[in-house]
Structures are given as C-alpha cells and as structure tokens.
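Hello,

Here is the structure I said I would pass on. My notes on its salt bridges and on one of its sheets follow below.

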Amino acid sequence: MNKTRRISTVGSVAAVLLLAAGCGSSDNGAARNTNSVQPAGAGKALGGAYDTGYGAGGYGAGAAGSGSGSDVGAGSGKAGSAGQLSVRDIASVGSVVTDSAGMALYRFDKDTPQPPKSNCDGDCAAVWPAVPADDATAAAGIDAALIGSVDRTDGSKQLTLGGWPVYRYAKDTKAGEAKGEGVGGTWHALAPDGKKAIDKKQKEAGNTGSGSGMEMGAGMGGMNMKSGAELSVADNEKLGKILVDGQWRTLYRFDKDSAWPMKFGCLGACLDTWKPAAAIDKAKAEGINGKLVGSVKRPDGSEQLTIDCWPVYTFTGDTEPGQANGHNKQGLWFAVTAEGKKVPPTA
C-alpha cells in the first residue's frame, strides 16, 4: 500500500513538473512553449473570488461580495421595449444601434443568427436583459427588413437585428455608454446591419492609412505588418517595441494576474475597462517567438491570448490605433515587449 502511494505521489509530482515546464513567466526564466492551459489553484482569483460560469468573464456581473447584486438588479429595470431604434456614434466603439432612450444594444457571440437563437438565460439575462420585440421600429440608417424576433425559453419574444438576438447591459446607466463592448470577449455593441460595431470601426480605421494598411496613432512608428496578422510588434516612440493585436491596439498585462499557477486578477468591473484579448492562431503572429504565444480559458469559457503565460488585454482608454494610454496605469498595467516581458514603468 505504501508502495502504491509512493508511485502515485511520484506521478503527481511529474505531472506538476511537466505543467510547470510548459507555462511560466519569462521574467523568471527562459521562454516556455505553451498552448491552451486551464487556470490552476482550484479556480481562485488573486485577492478575491473567482467568478465562475458567466459571472464576471461572460456577462459582466461583479465578483462575489463586490456589489454585483445591485448590477444584476439594475438589469431587471431595463427590459422595456426598444421603441425606435437609431444609430449613435460612440467614440470608442463606432456607430452603435441604440433604443429610443439612447441606450446601447448588444449581441452575444454564443447566440446564433441563422436560425435566431438566444443562449442567454437565468443569471445571464439578469445582467444582459433581452430586449422585447414588440413596438420596435427603425429610424434612418437601419433597414427595417433586418428587424425580427425570436422565441425565448420563457415564451416571450426577443428583438433580433440581422437575425441576432438583442440585449441591453445592466452596467450602462446612461445614454451613450457602451460598457458592455468586449465583455468576456463575447459581447459586442450592435452595428446597424446586425454585425459588430467595433469591427466596422476598426476596418474603417484600417482603410485610412497607406503602405501598411492604416495610419498609426500618435506615438507609434511605422509598422510592417502583413495583411491578416493577428499579433505583431510595433515601434512606440516612448515605450520602444511593444506587442499589438490585429487592429494595432496595444496589449497589456496585469500585475494582479498570475502566470504560474494561472490565476486571474481582472474580473467583474475590471472587465469594463480592460478587455481580454482573444486567442489567436500562432501562425498569424509576427515578430515574436511562437513559443511565447498561448491561450487560457476564462471563467466564461472564452479563450484569452497569453504571452509567456500572462493573460493580455486591450484598454478602452486607447481610442485610436497606436495609443498606449494604459501603460503603468495604477502601477499595475503594462505594455508588453516582443520578448514577452512587461515594459518598465519608467519607459
């Protein structure tokens, strides 16, 4: 029996060593080859509760004990009819469809448009209230033929646009806000054709440049990025060579996250400001060792990009490609070098 236990222990240690060899921080050692990994530590976040399911990562509810109850409660008061849909320009997101009160409307990547189907019920629907289909009309800029409805599991009819079920976000408290954009990597403000408003904004930005396909924002030098690259290195006049995503947005890491064991420090309200970067195809990364590129599964099941096992994010305060306004924010958020390390706060 003791022999059996000894063998079991050795096996467990070996498994841990294999995992440790596959994921870690380049700040503490050589670059490691990493693919998709699961969070360790029994699913606990640093400094607080780790929101499971769609709690924080997917739907935007705050972490346990952080006042998320009031946010969820707010959602129940936002289930009224949309009235006349209109189009409003929101600086960080683009041209967004809003209801008659000017509140941003959203779609969920886990839904389907053909045939229309909502996959947001229960706790999800408390934070992302479904918009009723009755009385919705289209103002200029929205094709009325795109407006429809879908039957929900409770028998009610939910508004659809271009086939996508339509929602509001409980944390949007006034007209012109779009705090739900990018939450969990699965929620996006709606464009007039039912697509993602942010995609259209980024495409338009990409068409304004020359040579490389877009004009870089202030502080960013020319970037030799091939078409279709999802991760690349850019020259920032203040920070040096830093990592950017496929839309030329600066990528950041958070000191309250942990690379190994993998834990998240950015949950709940944090995700309103810092958006998890979606996992990418390593073959579409340029200027960085592919061994540093990986992904991790967030509480909502979405895959977040990791650089040398550190989850990386974009910053909503960067409103133009090439900006790095999030660097050294609160002394906790830092741009990332091509070697996978954080850019020093003094940069």
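Arg-152 is buried in this predicted model, because its relative accessible area of 11% falls under the 20% cut-off. Its side chain meets that of Asp-121 in a salt bridge, with 3.0 Å from N to O. The two residues are 31 apart in the chain: Arg-152 lies in the loop between β8 and β9, and Asp-121 in the loop between β6 (116–117) and α3 (123–127). Asp-121 is partly exposed, with a relative accessible area of 33%.

A search of the whole structure gives 12 salt bridges. Among them is the one between Lys-157 and Asp-151, whose closest N and O atoms are 2.7 Å apart. Asp-151 is exposed, at 52% relative accessible area.

Another salt bridge joins the side chains of Asp-272 and Lys-171 (3.7 Å, N to O). This pair also links distant parts of the chain, 101 residues apart, with Asp-272 in helix α5 (residues 270–273) and Lys-171 in the loop between β10 and β11 (187–189). Both Asp-272 and Lys-171 are buried. Arg-107, Asp-109 and Lys-196 are connected in a network of salt bridges.

On the sheet: three strands, in the order β8-β9-β10, form an open sheet with antiparallel pairing. β8 (147–151) and β10 (164–165) each have a single partner strand, so they stand at the edges and one side of each has no neighbour in the sheet. Strand β9 (residues 157–161) is joined to β10 by 2 bridges, and Leu-161 has Trp-164 in β10 as its bridge partner.

Regards

How values were computed. Residues are numbered from 1 along each chain as its sequence is written. This is a predicted model: local features need pLDDT of at least 70, side-chain atom pairs count only at pLDDT 80 or more; totals for chains, interfaces and linings use all residues. Side-chain values use heavy atoms; hydrogens and water are left out. Two strands pair if DSSP finds at least two bridges between them. Helices (H or I, at least four residues) and strands (E, at least two) are DSSP runs, numbered from the N terminus. A salt bridge is a side-chain nitrogen of Lys or Arg within 4 Å of a carboxyl oxygen of Asp or Glu. Buried means under 20% relative accessible area, exposed over 50%, partly exposed in between (1.4 Å probe, protein chains only).
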